[in-house]
Amino acid sequence: YDTTWVEVSSVRAVDQKLARLGTELGEDGPGPLWFTSALGTSLMALGLCLLLARWAFACKVLHPVICAGQMALTLYVFHVFIGLTVIEALGFKRDISGDLPAVATCIAVCWLISLGFAAWWRSFAKRGPLETLMRAICG
């Protein structure tokens, strides 16, 4: 009787259960490892952004991204109401469904359009159009 196989197979089963806990969304929602993974990833992204912001040249290179961050409400509403409406009206939603390269291309094009619009708008206005409207409404 070989006990090594039993030990290895039970470890593999435990590893598979942990992997499922960390990656799958079960009936009760995401598991604790999924939340831990998401928290770690978001903190890493935030740390990288803060590190990039310290470098003087990065501020010039990342100027369109900074502009987009300053008009997040406008870009979010535009992408939901205009971007997704246009994609659905043109029939792209059916065409690119399940096609990862097409989806990635669509996301990249929308991202570049957003960055270009944000940099262009901020060249003559202090705030985005919806940010200005919200500021006027809220005082």
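Thr74 is buried, with a relative accessible area of 0%; buried means under 20%, exposed over 50% and partly exposed in between, with a 1.4 Å probe and protein chains only. Thr74 sits in helix 5. The model is predicted, so to speak of local features takes a pLDDT of at least 70, side-chain atom pairs count only at pLDDT 80 or more, and totals for chains, interfaces and linings use all residues. Residues are numbered from 1 along each chain as its sequence is written, and side-chain values use heavy atoms, with hydrogens and water left out.

**Thr74 and Glu131**

- The side chains of Thr74 and Glu131 are joined by a polar contact of 2.5 Å. A polar contact is a pair of N or O atoms within 3.5 Å; within protein, one must be able to donate a hydrogen and the other to accept it, and residues adjacent in sequence count only if both atoms are side-chain atoms.
- Glu131 belongs to helix 8, residues 129-138.
- The Glu131 side chain also reaches the backbone nitrogen of Ala72, at 3.4 Å.
- Glu131 is buried but has no salt bridge (a side-chain nitrogen of Lys or Arg within 4 Å of a carboxyl oxygen of Asp or Glu).
- Lys and Arg count as positive, Asp and Glu as negative; His and the chain ends are not counted.

**The chain**

- The protein chain has 8 helices and 2 strands. Helices (H or I, at least four residues) and strands (E, at least two) are DSSP runs, numbered from the N terminus.
- Along the sequence, the pattern is α-β-β-α-α-α-α-α-α-α.
- Of the chain's 139 residues, 13% count as buried.

**The largest pocket**

- The largest pocket holds about 600 Å³ of space. A pocket is an open set of points on a 1 Å grid over the protein atoms alone, where a 1.4 Å probe fits, with protein on both sides within 12 Å along at least five of seven lines; lining residues have an atom within 4 Å of a point.
- Its lining has 19 residues, and His79, Gly83, Cys110, Trp111 and Ser114 lie nearest the centre.
- Helix 5 (72-89) and helix 7 (100-122) each give two or more residues to this lining. Helix 7 gives the largest share, 10 residues.
- The lining has 16 nonpolar residues, 3 polar and no charged. Ala, Val, Leu, Ile, Met, Phe, Trp, Tyr, Cys and Pro count as nonpolar, Asp, Glu, Lys and Arg as charged, and the others, Gly among them, as polar.

**The second largest pocket**

- The second largest pocket has a volume of about 160 Å³.
- Its lining residues include Cys49, Leu50, Ala58 and Ile66.
- Helix 2 gives the most to this lining, with 4 residues.

How values were computed
Points joined across faces, edges and corners; volume = space filled by probe spheres on them.
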